[in-house]
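Dear colleague,

My notes on what was found in it follow directly after.

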Amino acid sequence: MNRRNFLVTTACVIGGAHSFSAPVMAASSTSDEDFEVVLSKKQWQAKLSDFEYQVMREEKTERAGSSPLLGEKREGTYHCKGCDLPLYPSKTKYESGTGWPSFYDSLPNAIGTKEDNGFFMKRTEVHCRRCGSHLGHIFDDGPQPTGLRHCLNGISLVFKPA
């Protein structure tokens, strides 16, 4: 295990963190009224499994290395499991070595962000712009051309081959 993987795994175990750095992005807040798709708590719980609900609606984190999407290599698009909005093209997916599906860019008008100051660190949370489902976090240690790493919970995504 290399040092980065050790640190990432340790941070996840301690507090659900994906990394120790965060890009500087404008803070924004969200509420259910900000989204096109709005469901009640009961409706979300009926639509999602218990763990999907915890990740997508309560901003929990799936265990590193647990997503089948981590090894997905086919051409296609990753959609929001909550509302089926296309979010990430497969051409922006890369192997970050963190244990979570990672992308360097999203589709236009697909995601929203907000500042996340949990777990004694400043991070940028990323969510579906249409239904508000939590996807993961964005960090500034990704590849070019953006330099960003969208570190996502695979459980929040559905892959659709081209």
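Three aromatic pairs are found when the whole structure is searched; rings of Phe, Tyr and Trp (its six-membered ring) pair if their centres lie within 6.5 Å, and planes under 30 degrees apart count as stacked, over 60 as edge-to-face and the rest as tilted. Tyr78 and Phe103 make an edge-to-face pair, because their ring centres are 5.0 Å apart and their planes stand at 75 degrees. This pair links distant parts of the chain, with Tyr78 in strand 1 and Phe103 in strand 4 (residues 102-103), 25 residues apart. Helices (H or I, at least four residues) and strands (E, at least two) are DSSP runs, numbered from the N terminus.

This is a predicted model, in which local features need pLDDT of at least 70 and side-chain atom pairs count only at pLDDT 80 or more, while totals for chains, interfaces and linings use all residues. Residues are numbered from 1 along each chain as its sequence is written, and side-chain values use heavy atoms, with hydrogens and water left out.

Both Tyr78 and Phe103 are buried, where buried means under 20% relative accessible area, exposed over 50%, and partly exposed in between (1.4 Å probe, protein chains only). The rings of Tyr88 and Phe103 have their centres 4.6 Å apart and their planes at 35 degrees, so this pair is tilted. Since Tyr88 belongs to strand 2 and Phe103 to strand 4, the pair ties together parts that are 15 residues apart in sequence. Tyr88 counts as buried because its relative accessibility is 0%. One aromatic cluster is formed by Tyr78, Tyr88, Phe103 and Phe159.

Four of the five residues of strand 1 are buried, which leaves the strand mostly covered. Five bridges join strand 1 to strand 9, and the two run antiparallel; two strands pair if DSSP finds at least two bridges between them. In strand 9, Phe159 stands opposite Tyr78. Strand 1 is also joined to strand 2, again antiparallel, by three bridges, with His79 opposite Pro86. The two strands form a hairpin with five residues between them, and Asp84 in the turn has a positive phi of about 70 degrees.

The largest nonpolar core has 21 residues, of which Tyr78, Leu87, Tyr88, Cys128, Leu135, Leu152 and Leu157 touch the most other members. Such a core is a set of buried Ala, Val, Leu, Ile, Met, Phe, Trp, Tyr and Cys residues joined through side-chain atoms within 4.5 Å. Two or more residues come from each of helix 3 (50-58), strand 1 (76-80), strand 2 (86-89), strand 6, strand 7 (134-139) and strand 9 (157-161). Not counting residues up to four places away in sequence, the contacts (heavy atoms within 4.5 Å) of Leu87 include Tyr78, Cys128, Leu135 and Leu157.

Turning to the sheet, six strands form an open arrangement in the order 3-4-8-7-6-5, with antiparallel pairing. Its edge strands, strand 3 (93-94) and strand 5 (111-116), each pair on one side only. Six bridges join strand 5 to strand 6 (residues 123-128), and Thr113 has Val126 in strand 6 as its bridge partner.

Finally, Ser133 lies in the loop between strand 6 and strand 7. Ser133 is buried, with a relative accessible area of 0%, and touches residues including Trp44, Met56, Val126 and Cys128.

Yours sincerely
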